[in-house]
Amino acid sequence: MSDSSRSLDDLRTFLRSTVGVDLQQRIKFYDSWAETYEQDHDTLSYRAPHQTVEFLFDNFSGRPEQVQVLDVACGSGWVANLMVELGFKHFVGVDGSQGMLDQAAKTGLYKELKLALLGTEPLPAQTGMFDAVMIVGALRDGYVPVSVIRELCLAAKPGGYICMSRNGLKSESGNKYKVSMEKELQLMEEEELWSHVITKEMDRYMIDVSDNCEDVQNDKYLSGTMYLYRKSLN
């Protein structure tokens, strides 16, 4: 579907069609969604890319134009487009959807784009290569497993930043993912793999499509959390 006028109700129906699908079906879904992904997320008031990029920039020390960025679950290239506005220039992207990578390629911002299904395939990134590793929106049940977080840290240079965002979906699986993720973050800190810089809550991550409210003014929003860590120097 390439109609840019997809309504919020259309999107609710569209996104609910993915509930319970297996990983391969989910990839096909994202391949087919790639062309209207950003338009549709504007309709959903999806603010995570903007907030997470600003979150990194506000807490980052260094010259953006010199930074090597690994954009994990890069999708259509939304995060890189926002980072360019703040002076970042050097990007490598990874995503599990070829359709999304094709859209990201059209931005002309990426030095490399790599196809990988995270959690089932290793993160295709050189160890200790990147000043900043970004993952926005994909840390959730059924998408990118918690185990991938160690790979994000591994890809960062000593002293590099790992910046992550997670939606606050209130469900049994969402709550379990949050607990598992935050336990892993703490464990990695105890193992001295990285140090915690800052964590910040987002109260308007995006419109909750599981809510059936028909009054646009009263749409419920998902919350979210942003996390920033810095890889240990040793």
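In this predicted model, the sulfur of cysteine 153 lies 14 Å from the closest cysteine sulfur, which belongs to cysteine 163, and this is too far for a bond. A disulfide is a covalent bond between the sulfur atoms of two cysteines. Here a pair of cysteine sulfur atoms would have to lie within 2.5 Å to be counted as a disulfide, and the structure holds zero disulfides. Cysteine 74 is likewise in no disulfide, since the nearest cysteine sulfur, that of cysteine 163, is 16 Å away.

| Residue | State | Relative accessible area |
|---|---|---|
| Cysteine 74 | buried | 6% |
| Cysteine 153 | buried | 5% |

Turning to the fold, seven strands form an open sheet with mixed pairing, and their order across the sheet is 3-2-1-4-5-7-6. At the edges stand strand 3, residues 110-115, and strand 6, residues 194-207, each of which pairs on one side only. On average, neighbouring strands of this sheet are turned by 15 degrees against each other, if direction is ignored.

Within the sheet, strand 4 (residues 130-136) and strand 5 (residues 156-167) run parallel and are joined by six bridges, and isoleucine 135 stands opposite methionine 164 of strand 5.

Helices also lie across these strands. Helix 6, residues 98-106, lies across strand 2 (90-95) and strand 3, and it runs at about 175 degrees to strand 3. Helix 8, residues 172-190, lies across strand 5, strand 6 and strand 7 (221-231), and its direction makes an angle of about 165 degrees with strand 5.

Terms used
Residues are numbered from 1 along each chain as its sequence is written. This is a predicted model: local features need pLDDT of at least 70, side-chain atom pairs count only at pLDDT 80 or more; totals for chains, interfaces and linings use all residues. Side-chain values use heavy atoms; hydrogens and water are left out. Two strands pair if DSSP finds at least two bridges between them. Helices (H or I, at least four residues) and strands (E, at least two) are DSSP runs, numbered from the N terminus. Axes are lines fitted to C-alpha atoms, for helices over the stretch in contact, and angles run from 0 to 180 degrees between N-to-C directions. Contact means heavy atoms within 4.5 Å. Buried means under 20% relative accessible area, exposed over 50%, partly exposed in between (1.4 Å probe, protein chains only).
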